[in-house]
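Subject: Handover of a structure and notes on its contents

Dear colleague,

Please find below the sequence and structure that I am passing on to you. My notes on what was found follow directly after.

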Amino acid sequence: MFTNTIALDVSMRHNARSIHAKIPPMKAYDEQFMQAALEQAKLAAEQGEVPVGAVLVHEQQIVAAGHNQPISHHDPSAHAEINVLRAAGQQLQNYRLLDTTLYVTLEPCIMCVGAMIHARIKRCVYGAPDPKTGALGGLLALPTLASWNHRLEYEGGVLFEASALMLKEFFSSRR
């Protein structure tokens, strides 16, 4: 398990650098909600999409769930996180998703982290890191920019092995 308060694990191919935003320790229920995100990722894989799934939680209840659909929707913004934020906004009738936690199986990209910050997501928990495009410490740590007026808490590595294996199997079957 790693958080953004310590140097990221080099074996996970992250840059070994310290990120200084403070977050609370992993919650006991993080694995439970990440498992729900993994179920969404399986749906994506079954549809020929990159297996990334996400769920948004408010007060220990899943408000919205979704998975990657850019191929089937012909929409480059149809990432799991964006689909979930859209569904949650409709469900809660608000574009501000205050006091929520987003669970996603792969470290979010710049677009998705930007949307989370604008939606005022409190916390993001992800499974596998993405050293090429991840915006929560993989490529860069977008929430640590001083110019933001909202601080997104984040933590990675929850059910890392299951998340990474699903992605590895998906891409190896395509080669």
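Among contacts in the chain between residues at least 6 apart in sequence, 58% join residues at least 24 apart. Please bear in mind throughout that this is a predicted model.

Overall arrangement

The chain has 175 residues, of which 49% count as buried. It contains 5 helices and 6 strands, and along the sequence these follow the pattern β-α-β-β-α-α-β-α-β-β-α.

The nonpolar cores

The largest nonpolar core has 31 residues, and the members that touch the most others are V113, M116, I121 and L152. At least two residues of this core come from each of β2 (53-58), β3, α3, β4 (100-106), α4 and β5 (123-128). Another core, of 8 residues, lies apart from it and includes F33, M34, A37 and V55.

M116 belongs to helix α4. Its relative accessibility is 0%, so M116 counts as buried. Leaving aside neighbours within four places in sequence, M116 is in contact with E81, L85, L102, P108, I121, C124 and L152.

I121 has its own set of partners. With neighbours within four places in sequence again left aside, I121 is in contact with L56, L85, L97, T100, L102, M116, H150 and L152.

The packing of α3 and α4

How do these two helices lie relative to each other? Helix α3 (residues 80-92) and helix α4 (residues 110-119) pack at an angle of about 25°, with their axes 9 Å apart. Angles under 35 degrees count as roughly parallel, and α3 and α4 are therefore roughly parallel to each other. The crossing of α3 past α4 is left-handed. On the α3 side the contact is made by E81, I82 and L85, and on the α4 side by M111, C112, A115 and M116. Sorted by class, this contact has 6 nonpolar residues, no polar residues and 1 charged residue.

A histidine in strand β3

H67 lies in strand β3, which covers residues 61-67. Is this residue buried or exposed? The relative accessible area of H67 is 8%, and because buried means under 20%, H67 is buried. Not counting residues up to four places away in sequence, H67 touches Q40, L43, A44, Q47, V52, G53, A78, H79, A80 and N83.

Most residues other than glycine have a negative phi.

With a relative accessibility of 64%, Q93 counts as exposed.

I hope that these notes are of use when you open the model.

With kind regards

Key. Residues numbered from 1 in each chain as written. Predicted model: local features only at pLDDT ≥ 70, side-chain atom pairs only at ≥ 80, totals over all residues. Heavy atoms only, no water. Helix = DSSP H or I, 4+ residues; strand = E, 2+ residues; numbered from the N terminus. Buried < 20%, exposed > 50% of the residue type's maximum accessible area, 1.4 Å probe, protein only. Contact = heavy atoms within 4.5 Å. Axes fitted to C-alpha atoms, helices over the stretch in contact; angles between N-to-C directions. Parallel < 35°, antiparallel > 145°, perpendicular 65-115°, else oblique. Left-handed = near helix turned anticlockwise from the far one by under 90°. Nonpolar A, V, L, I, M, F, W, Y, C, P; charged D, E, K, R; others polar. Core = buried A, V, L, I, M, F, W, Y, C linked by side-chain atoms within 4.5 Å.
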